[in-house]
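Visitor: I have a model open on my screen and would like to learn how to read it. Could you take me through it feature by feature?

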Amino acid sequence: MAEFVGMMAMSMALTALSVDIMLVALPNIAADFGLLDPNSQQFVITAYMAAFATGHLVVGPLSDRIGRKPVLIGGFVVYIGGTLLAIFAHSFEALLAARVIQGLGASGPRVVAVAVVRDRFVGRGMSQIMSIVMMVFIILPIIAPSLGSLLALLGSWQPIFMFLLIFSIGIMIWVSTRLEETNPRSGSGSHKAVPILRAVRIILQSRQTVGYTMSLGFIFGCLLTYIASAQQLFEDVYDVVTWFPLIFASVAGGMVVASLVNSRFVEKIGMRRLSHGSLLLFVALALVTNLIHAIVGEFAMLPLVAFLSVSFFLIGLMLPNFNALAMEPLGSIAGTGSSFVGFAMTGMGAILGGTIGQMYDGSAHPLIVGYGLFAVISLAIVVVTERGRLMHASAHPIGMKE
């Protein structure tokens, strides 16, 4: 089990690592390519995430048809190709193209990892395993900015891509030799895969899947809002450069604690009670913070870091449970279901986070307002999805039609 969790965590961590390790290098990229608009450097993040979301549309249905492992390994190959192109990019446009290829490739490991977990577990069991997986894979993104700073000492930003190349090759070799195929529809004697149009109909007819996926999109938008503007925010507003990796780690550390808490208590408390309670607290925290911000103006650094750390803790309780709730009705189409959830969540997050990120004006105002707006909308979606019943312990998927 430990090795399985490690493989899934590292496969999923590829995307978060590919984003967070770049943060400290964004000023170097902007300087090397002579970018006039400082917000343009954010496209190194958002281009990757947009492509990552788009790749979900292909890899999930493909993994349902031909198996998990071929798609997983194929995704690593595409990612490695994009990384090689990034190392030798001689223009900002070429670098963005390489990041797009990286994002497309990384969608394979992410989708397949979730589908493999869903193949083997369901309900609270899936949420518990996903919490452990998230606890492991979040550790890498937490240390990623520090690692990026060390790698940047070897050059400008190319050594960072060299590290990603070695990391992705290592994980590909590990999963290709140790992971067993979990798709019951692959191989000889397998059952016929569900046709794609019927799979889409199953997904769209599930009130639970659609509702929690949309809510995930707004929650993920909060994360990407922070990631897109964190480096500029702490450097411009608070003059934090050397200590930025430590600040980033302290904020993201809230998700590690949340994953540990969720893995310990989700079986006893239940997915809905734990995640709904976290969402209500998140909305209250975001609205109170907006009110204080409107009264006192710009926050000092420590109160802002405290707000972000608590927000990340609550988000860390919502993500695995919302993801498990969205996937719960989709056992017969786990690959396609994982694609839909991942595409919608990441695509919405990239658009929402990128939009707020581009509104960065040299203050924390856009981030704080964005958090409040996204939190309220996410709550409204969950309330509608659950028909007004929050915190209940229903064990049956809502609107499940197969």
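This is a predicted model: local features need pLDDT of at least 70, side-chain atom pairs count only at pLDDT 80 or more; totals for chains, interfaces and linings use all residues.

Visitor: Let's begin with charges. How many salt bridges does the structure hold?

Guide: Side chains of opposite charge can pair when their charged atoms come close. The term salt bridge here asks for a side-chain nitrogen of Lys or Arg within 4 Å of a carboxyl oxygen of Asp or Glu. By that rule the structure holds three. One of them joins arginine 178 to glutamate 3, with 2.8 Å from N to O.

Visitor: Which helices hold arginine 178 and glutamate 3?

Guide: Arginine 178 belongs to helix H7 (residues 158-178) and glutamate 3 to helix H1 (residues 2-20), so this pair ties together parts that are 175 residues apart in sequence. As for the naming, helices are DSSP runs (H or I, at least four residues), numbered from the N terminus.

Visitor: Is glutamate 3 buried or partly exposed?

Guide: Let me give you the scale: buried means under 20% relative accessible area, exposed means over 50%, and partly exposed is in between, using a 1.4 Å probe and protein chains only. Glutamate 3 has a relative accessible area of 31%, which is partly exposed.

Visitor: What does aspartate 119 form a salt bridge with?

Guide: Its partner is arginine 68, and the closest N and O atoms are 2.8 Å apart. Aspartate 119 sits in helix H5 (residues 92-120) and arginine 68 in helix H4 (residues 68-87), so the bridge ties together parts that are 51 residues apart in sequence. Aspartate 119 is partly exposed at 25% relative accessibility, whereas arginine 68 is buried at 2%.

Visitor: And where does arginine 272 make its salt bridge?

Guide: Look for glutamate 386: the two side chains meet at 2.8 Å, N to O. Arginine 272 is part of helix H11 (residues 271-296), while glutamate 386 lies in the segment after helix H14 (365-385), so the pair ties together parts that are 114 residues apart in sequence. Arginine 272 is buried at 4% relative accessibility, and glutamate 386 is buried with a relative accessible area of 4%.

Visitor: Now for helix packing. What describes two packed helices?

Guide: The angle between their axes and the distance between the axes. Each axis is a line fitted to C-alpha atoms, for helices over the stretch in contact, and angles run from 0 to 180 degrees between N-to-C directions. Take H1 and H4, which pack at about 25° with axes 12 Å apart.

Visitor: Are H1 and H4 roughly parallel or antiparallel?

Guide: Angles under 35 degrees count as roughly parallel, over 145 as roughly antiparallel, 65 to 115 as roughly perpendicular and the rest as oblique. H1 and H4 are therefore roughly parallel. Their crossing is left-handed, a term used if the near helix is turned anticlockwise from the far one by less than a right angle, with right-handed used if clockwise.

Visitor: Which residues make that contact?

Guide: From H1 come Ser11, Leu14 and Ser18, and from H4 come Leu72, Phe76 and Tyr79. Contact means heavy atoms within 4.5 Å.

Visitor: How do H1 and H7 pack?

Guide: Their angle is about 150° and their axes are 10 Å apart. That makes H1 roughly antiparallel to H7. The crossing of H1 with H7 is left-handed. Residues that meet there include Glu3, Met7 and Leu17 in H1 and Phe163, Trp174 and Arg178 in H7.

Visitor: Could we finish with single residues? What is histidine 276 in contact with?

Guide: Histidine 276 is found in helix H11 and is buried at 1% relative accessibility. Leaving aside neighbours within four places in sequence, its contacts include Tyr212, Phe322, Glu386 and Met391.

Visitor: Where is isoleucine 196?

Guide: Isoleucine 196 is in helix H8 (residues 196-204), partly exposed at 36% relative accessibility. Beyond neighbours within four places in sequence, isoleucine 196 is in contact with Pro61, Arg65 and Thr336.

Definitions and conventions. Residues are numbered from 1 along each chain as its sequence is written. Side-chain values use heavy atoms; hydrogens and water are left out. Helices (H or I, at least four residues) and strands (E, at least two) are DSSP runs, numbered from the N terminus.
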